[in-house]
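Colleague: Could we go through the aromatic rings in this one together? I am still learning how to read such things.
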Amino acid sequence: MGLRTTVLSTWVYRLASPSGGRLPPPGRRRKRQASPIDKHTDPELMPPPSDGGDPPLKSPDPVSGSAMSQELEERDPASLSIPLETGFGTPSKLSPRIEEQELSENMSLPAEETNRPKLGSGEAMECVSEEPASQDEEYIPWNYSFSQLPQFLSGSWSEFNTQPENFLKGCKWAPDGSCILTNSADNILRIYNLPSELYNEGEQLEYAEMAPVLRMVEGDTIYDYCWYSLMSSAQPDTSYVASSSRENPIHIWDAFTGELRASFRAYNHLDELTAAHSLCFSPDGSQLFCGFSRTVRVFSTARPGRDCEVRATFAKKQGQSGIISCIAFSPAQPLYACGSYSRSLGLYAWDDGSPLALLGGHQGGITHLCFHPDGNRFFSGARKDAELLCWDLRQPGHPLWSLSREVTTNQRIYFDLDLTGQFLVSGSTSGAVSVWDISVAGHEGKPEPVLSFLPQNECTNGVSLHPSLPLLATASGQRVFPEPTESGDEGEQEIDIPLLSMRHIHFEYQLQLWWCGGSSPDTSIPDGHQGFRQRVVMCSTLRLGTG
């Protein structure tokens, strides 16, 4: 494997609970009252927190790097969660994190709410069931099952075939599972609701092609995009998407109206605007971490503009060099990981950005990172690198094991973990989607693939697992170059025949949804999941009405 690892600091983490600071799955949340959206908000100004005060840029309960190991042994990981009063106009008097903790204690779904938002039409109102839910009812997500091939449900392809080479660049489910976000070569972010057929009771219906409900146009090539970490469609003031594009500031888009709500600007040493190459909201939603060349800039979500904290990753010829291409937060520890195009991985303390460890082992630039829900392990993938590496924070000196996938280009090939941390799913340049059960150790202590299937004869660059339903989303496409044309016989006269042609190339640019629940999907959702159905149908109708 040719590992090259430099450990700056050795830390031993003891985790008391695998659920740590992780939010409850959407199926377990109680439906909350939606608030109206102020469409006349100045895009350059963000509403202040509900109490009128700005949250501090740093964590209110910092854990210093030198004492982090000792404190983690004495404190429960759940206590590390920081209450949030976000600047995105959250209407609740309580912070979203405090509210989530209270709601998780009472998982009942009220059938009636005061001040229920008005729906777009009477027909849409009929879609929301008025049957009262039991107070003791729990909404437990379905489990993924890859014992058989996934079943295709629906997708979108006409949207990406209106212009040549409009391939997709990944897809990401919303944290509450109500919709999915895509990026494509035409520099447009699209939001799709879940197929309406999924909520029709009775006999199974034929799924129609999906159509986007929102389109958000960027000015140039989109480098990265992400959902707000506390996003909930039941609370529109938390429904936001962040994006970064070449020679543009970081934009915050309203996921209900598609309007630009705020901008974050970063400037280099020449006072020139510079674009972020990676984005990631902190778990509590109070900060937006952005990756630049040898630098991570931290913006407060309550204060849009140019004010930020600058954290250098490389100084005095030491540290993590190159462009910070991806950022991921640990769900149980106060730290984050950064990947760089210089083929290195760095671990940093959340509160002040102090370096904890510098890891190396990939043959190409890092393109994606993902933490395991237990907070002990994280996974990394790179471009032009056939290995997915698994790292253990308790032994960061070398990877635990590696998994094989085909990545032969510089394109970002995503992978994802399900909510339980059992299954790891990855795309590939060849188009094959591979699934590993990482809870079972196979030959040489590393997991063996349990399933591999080919969604289309095209690169599968995006995979995303739904947080509460057994739905796998895949996105396909890659940049294609013209092929040389075949010349005829020497005696034949060839007129106006180009040297390069793309007429023999077949494009398959599409977003696809796959059912991974074992048996065929039943359009009648079980009683234990009616709360999720009511919430998503109502929120989907709201998005269609306002978008």
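Colleague: Which charged end sits over the ring of Tyr 225?
Modeller: That is the charged end of Lys 172, 4.3 Å from the ring centre; a charge sits over a ring if NZ of Lys or CZ of Arg is within 6 Å of the ring centre and within 35 degrees of the ring normal. Please keep in mind that this is a predicted model, where local features need pLDDT of at least 70 and side-chain atom pairs count only at pLDDT 80 or more, while totals for chains, interfaces and linings use all residues. Residues are numbered from 1 along each chain as its sequence is written, and side-chain values use heavy atoms, with hydrogens and water left out.
Colleague: And what sits over the ring of Phe 292?
Modeller: There it is the charged end of Arg 297, 4.6 Å from the centre of the ring.
Colleague: New topic: how many aromatic pairs are there?
Modeller: The count is 16 aromatic pairs, where rings of Phe, Tyr and Trp (its six-membered ring) pair if their centres lie within 6.5 Å, and planes under 30 degrees apart count as stacked, over 60 as edge-to-face and the rest as tilted. One of them joins Phe 167 and Tyr 509, which is edge-to-face because the planes are at 70 degrees, with the centres 6.2 Å apart.
Colleague: Is Tyr 509 buried or exposed?
Modeller: Tyr 509 is buried, with a relative accessible area of 2%, given that buried means under 20% relative accessible area, exposed over 50%, and partly exposed in between (1.4 Å probe, protein chains only). Phe 167 is buried too, at 4% relative accessibility.
Colleague: Which residues form one aromatic cluster?
Modeller: Phe 289, Phe 329, Tyr 336, Tyr 348 and Trp 350 do.
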